[in-house]
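Please consult the sequence and the three-dimensional model below.

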Amino acid sequence: MSQALHDKEIADIGTEQLIGAEHSNSSLTSKIGDIVLKQPSPKQWFVSLGFALLGLSGLLVAIAWLLYEGIGIWGVNIPVGWGFAIINFVWWIGIGHAGTLISAILLLMRQRWRTSINRLAETMTLFAVMCAGMFPLLHLGRPGVFYWLFPYPNALGMWPNFRSPLVWDVFAVSTYFTVSLVFWYVGLIPDLASLRDRAKKRIVQVAMGFLALGWRGSASHWYRYESAYLLLAGLSTPLVVSVHSIVSLDFAVSIIPGWHTTIFPPYFVAGAVYSGFAMVLTIVIPLRAWYKLRDLITIDHLDWMARITLVTGLIVFYGYLTEIFYAWYSGNVFESFMMANRMTGPYSAFYWSLIFCNGIAPQILWWRAARRNIIVLFVMSLIVNIGMWLERFIIVITSLHADFMPSSWDMYTPTFWDILLYVGTIGFFLTGMVLFVRLLPAIPIAEMKHLLHQKLHGHAHASEEVKA
Amino acid sequence: MPQVFSAKSNVLARATFLIAGLMLLVIILAGMYMTPYTHRTGVALDQPTPFSHKHHAKELGIDCRYCHTGAEEAPYAGIPATEVCMTCHSQIWTNSPLLLPVQESYLKNIPLRWNKVNKVPDFVYFDHSIHIDRGVSCFTCHGDVTEMNLTFKTNAFEMLYCLDCHRNPEEFLRPTDEVFNANYETPPNQEDLGRQLMEKHAIDTKQIEDCWVCHR
Amino acid sequence: METRQNVNRADETKGASEMPRPKRISIGELRERLKSGDPGVWRSLEEIADDDEVKAFLDQEFPRHTAPWMGEMDRRQFLRLAGASLALAGLAGCRIRPIKEIVPYVKAPENLVPGIPKFYATALTLGGYATGVLVESHEGRPTKLDGNPEHPASLGSTNALTQAMILELYDPDRSQSLTRDGKYVTPAEFEADVKARLRRQLATGGEGIRFLLPSGSSPTIERLFARLQERYPQLRRHYWDAVHRDSVYEGARLSFGRPLEPVYRFDRADVVVSLDADFLFEGPGSVRYARDFADRRRVRKDAPTMNRLYVVESTMSVTGGMADHRLSMRPSEVEAFAEALRSAIRDGVSGEGGQNAFLSAMAQDLLANPGASIVIAGENQPAAVHALVNEINALLDNHGSTVQWIEPVVNPESRLESIRELTADLQDGKVELLFVFGGNPAYDAPVDLQFDEAIRRAGLSVRLGLNEDETSAHCRYHIPLAHELESWGDARAFDGTASIQQPLIEPLFNGRSVVTFLAMLLGDERHEREIVKETWQLAGLGEGAFEDVWSATLAKGVVPNSAFAPQEVSLNPFPAVASRASSGLEVRFKPDPTVYDGRFTNSPWLQELPKPFLQATWDNVMMVSPRTAEGLGIEIDLGAVVVGGAAPIAELTVGGRKVTGAVWIVPGHPDDTVTVTLGYGREKAGRVGTGTGFNACAVRSHEASWFAPASLALTGEKTQLALTQHHYSMENRGVVHEMEVGKYGHKEHHAAHEEMNLYPDREYDGNKWAMVIDTTLCTGCNACVAACVAENNIATVGKDEVIRSREMHWIRIDRYFDDLDNPRYAHVPVPCMQCENAPCEVVCPVAATAHDNEGLNMMVYNRCVGTRYCSNNCPYKVRRFNFYKYTLYPGTWDEETPVTKLLRNPNVTVRGRGVMEKCTYCVQRISAARRRAKKEDRPIRDGEVVTACQAACPTQAIVFGNWNDPNARVAAEKAEPHHYVLMEELNARPRTGYLPKFRNPNPAMKEAR
């Protein structure tokens, strides 16, 4: 109630309100910095940390058991050789997408509303990609020899098979992770410096100082910083498209009905951004409440994200429709059976809930009121997350469980260990996020100041110096 | 406000990077150094009795096949049964202490336990007979055993080592009657000779490069 | 010498060291346990010596020392090992290679070259009838059985059971010591005891001495018994087989006045009518019969004709699946049908509707082929049916041409009578000394006789058996029996042809053969070899030149012209029989297609073999027709996309006796009939077989030996069956092309597929290996699957894993049918297709599966990292994955029991955990042949490489060879106009092709199937 009021009040100042009225440079620094330096963490923080650690320990158990027993403990079988592992891999990679998009593309497009959420998004990306990265390794029959997927000179005289999309994956994901990491870190440097300078405890000073790489905020620093940041943005822009396109090729390159589709790359990228933004919402909404950041992450931010979610959601839904159309239009017995089986077969329940989550539900975001209603947005974001997981489930499972030879059709049922591993990665992800908001500035101080500056003196000066 | 770090720390930072780099280098070098060590190439293993190939094969001129009977017909060249040693040593050097283990084995009917010098992994199916038959000499892989007092391996049988020959046999092939000849001199026209031999034996590198030639 | 082991042997050895040390027990404790008489804890005197090695050995050897095979302990152990293996896998990079030892012989055995397998000819018996086999032996370990081409019952083929007999040899549950009341005694003690009792019998002429034997055809054993009989004239022999052939001999007695053995010549028959006889799959000579039958059914350019098969049966049998016309009826109705057929043949036919239409058309067909037709009755039908059939064959002049009669190969006296008399005598206390050789009467004797109880009435009961089974438990003494591969002997085939059995290996568990045992009773100290030899010397083998002929015979595996001469028969017509068909539900007993009468219940290979038509493993079920199921209220949706294995449990009541088991629907099964198979529900089968399925013998009484009125009621509970196929319809994907033989040559026009390929086409100028499978000839008998398992060290995974769809068979037989009530079946053996454009190869990230220059799709286990993408992308789903370390898995016994390691084929890698595997066209055989050919500087000859499945196939439906060789058989088959490949439109260009399923329906009866 009171929160709604508050949002409204901010919203009314100007058409687009991206930063609280009362803020000055120093207030920004202290407001954001104090989360890390002074302010005692709210109890919600401890609660969520508790849950996160619980999940994390689940992950450790699941992995230990897996390495002991072998992937026999999972529900995978012949014909369904890929199960939860790959579903979750794609899901996490998708979630990772919002980060690069926001930081890179929106930066280049000079979308001012990206500031204040981009740091969170980038961090999310990092942990999401880590979660994703686990699965391809763990789902190997012989994880001990995973390094054979990398091209390196060896005594076997063997290279990886460069025709295999799985090898492309190795490159795509590792590049993506590295670039995101650098991008994220470079963005952090000025903030780390300001924290170093405000910190009272010696230990914090040293730690922040070490990470700040001796940033003094001199003109030359800013000059190099800005150009480096832009450069990196340029670098990672193609990645936004490439990574998930390549992930989609893991399927599209095969001949399995339901996988062998040319529409996969665009439709996967859209899906990725879609789920990415949903996850940002899921994280941001509680966060801004707990840390009273409604004046920095304003309702307009949420609105913007909701719009993007809607757009990408529509693209994804279009993807579903084309799949159905071509299943019918191709006249291919395998394709048409696959689609009929999805709609009416043993997994139809999953399919229809997918259609609801990603096709029907998002339409509510057409209404401004809905986009600016915290509750609706939060629920919506959860629905989207679920929907996108279901999408991967449908793609992986229903395509495999009844493909070409009717004699080898069979069902896939996840085991306890499949589920624990999945929950575990969520735990890992949350742990990362929760610790991050406590230990590092969750909102880019420097960029906010930049934004503030622009707000106060009308138009923007791209690389104007901002002093702490 | 006071600086957290003094100016020295820059030097410190650079130093750390340098050291890290050096350590990396060391590790790599160590790894390279380790390899032949783990393969024990050139290392003579302890054996129940210090058998000398040099003495038997060179000085006495005993043919490889006298002891390694399987070489021409079977996958395994074979290690001689104790009785083979005893064909001679029941007559000569009967009271040499070096031969005690052999005599003991023979009398008590307990097999000798030799340490394996040359070996390939279990998932490699190597067949001596076919190599001998196509003109790959014993000495090409095993080195000049006739010069070894205690036997050691001269080559680590890594996959690349095998591929070298499977990809260009012409560099290694000998006329079949020279296969067991320790004193064979590689002719200057080895390349041509090798190609002729490949022609003669219908050796097709396309075929002998297939995985299933060695791995089944 | 060293033999090939696991991909990661290091892991195994590590694992072994991780095994928990057996708990030592003090002599005192031991004495205590001995007093308490618990046989569980100790097995032999060595253990008292408390020698650690021996103990460790025993612990591994004896089931009760290790935990039960699905037990918790075992699981932990498995985990520990797996964990260790992983730990090592991680370190693989920086492991310092361990030094291994070479241990040469002290005195090398003669003409044994390590690494070169030797082949020996011998014979193995089932139900007393011999099948000649060639045994492959590596450094003295028999590893693989193949049929002996010289042997009439085999002609080089075998059935699945014969393939599995090699595993029977290595079964770690075989009994290993001589026991009295479950406690160890020395052979000397035992012999003293028995001989003393025998001496006492001399007075009465051996009145009290009884032998209970399964059917046997060994001349030597006959001779030894004759010698015993001289000493003890009153001694009596009784016979019992669960799968007995009483009615065959009784039928002959009715027709010809004396018991005779029929031998069928399917190679001469154009029309075959089976009255409930599964001659292609069961009974003596079935393998040979299948071959002869197939030779008249092979449709090719030069001879586009085939024989015609009518089957009238009371269950769904393999033979029935092959029928051109099939009529199913309750077992008791067959007799009336036979009667009707006889009169139709004798008095001419009258064409009416319904069943009679079938009958009359069939009769006309028969009459049109006098002397070139066969009517054959099943051994489960009463003697009357056999008598009628004999008469029909006589009326058709088939006797002498297609049906020949010879002297019985095994003792023809009625098994049911024989065991009944023995039981009576036992109950009257007339039996002083009872010897039970082999078999398992306590388990499978007619239940109403309560034979197991009766045994205890004998003064002394001595059991000679492979395992300590139900029968041993009731006998005083148990003596380990030597396996046929461990002993000298002789046996006759279905046509009387004799073979000498020679041992391939010293008895593993110090068992003794029947011959040695009888010789012992006679006080004959000679080696069994001498005794067998003597038999044949006395029989006048090879007049004079005995020694030469003897060794020649051993090498050949067949005693020259020892087949029985056909007998002249004069037929006395059989009186008309009034139909004795009862009404209501009937139970029909049947030997199990995989575990037979229980002999193979402990064989994981056979347990995991899918049962024809059921595609179920590890269980026997009550088979009913869809209509009957409906009546019973059974809900199984056979039409589902994926048919789950949840089967309702029902209670079967026969003559007041009850047994409960899983029910399953089998389309084509006669209504109001329930088929149950023998061999399951055993209590003392061993770690694998105990507790699987339900015991049909529990309701199989003396009167109801093959079928009887019964009632069936659902209990409401359910159980999970381990099915290997979950969808019956081809979904119009042209998996099997079916056509009538008349249409040969008219290939219905397919739109030719534009074959496009991103990658340049490869040229295969050298060998171009290819396979053609004739679906017309495939009976679905699974012999190929068993052979493949034996040849390629394929793991068995156990029921739970099969339920999770993780079976490992490299070749599987898919069965499809088109209709629930009146189905036509088609069987498709599916090995790896060895595609030229293999979808699996493109997607493997580490190039572990790649193409070789002869077009084979190579799978390199030691390179595989286990992404399973190849399997996903395989349209034929022929790839198999080691989800666990199945070599350690309880289904196979590897780590627990070194003995089964002797069984491994040293030329095929034993696959470790997390590795993909698949059919390789038996590349190890190709490689061997290639090396042989190279040494002789010649190309590989056609027929020089024979894959395991091809060799085993009784109907020779599989042809393999070099497609580039114009004279190769495979090239000819590929050139057949109707040759096709699975899912051609995918353009994977499989090397494995198929020939369509031709049928030969009677034009006169289009509508009836």
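**From one arginine to an interface**

Leaving aside residues up to four places away in sequence, Arg512(C) touches Leu178(C), Pro187(C), Glu191(C), Leu464(C), Ile479(C), Pro480(C), Leu481(C), Ala482(C), Phe517(C) and Met520(C), where contact means heavy atoms within 4.5 Å. The model is predicted, so local features need pLDDT of at least 70 and side-chain atom pairs count only at pLDDT 80 or more, while totals for chains, interfaces and linings use all residues. Residues are numbered from 1 along each chain as its sequence is written, chains are lettered from A and ligands numbered from 1 in the order in which they are written, and side-chain values use heavy atoms, with hydrogens and water left out.

Arg512(C) is located in the loop that runs between strand E19 (498-501) and helix H19 (514-522) of chain C; helices (H or I, at least four residues) and strands (E, at least two) are DSSP runs, numbered from the N terminus. One of its neighbours, Glu191(C), makes a side-chain to side-chain polar contact with Arg512(C) at 3.2 Å. A polar contact is a pair of N or O atoms within 3.5 Å; within protein, one must be able to donate a hydrogen and the other to accept it, and residues adjacent in sequence count only if both atoms are side-chain atoms.

Chain C as a whole has 30 helices and 39 strands. Of its 1009 residues, 66% are buried. Among contacts in chain C with a separation of 6 or more, 75% are between residues 24 or more positions apart.

Chain C also meets chain A: 61 residues of chain A are in contact with 63 residues of chain C. Between chain A and chain C, 38 residue pairs are in polar contact (both at pLDDT 80 or more). Across this interface the rule finds 1 salt bridge, defined as a side-chain nitrogen of Lys or Arg within 4 Å of a carboxyl oxygen of Asp or Glu. The side chains of Lys877(C) and Asp403(A) form a salt bridge, with an N to O distance of 2.7 Å.

Within chain A, Gly144(A) occupies the loop between helix H5 (118-138) and helix H6 (165-198). Gly144(A) is buried, its relative accessible area being 17%. Between Gly144(A) and Leu67(A), 77 residues apart in sequence, the C-alpha to C-alpha distance is 9.5 Å.

Conventions. Buried means under 20% relative accessible area, exposed over 50%, partly exposed in between (1.4 Å probe, protein chains only).
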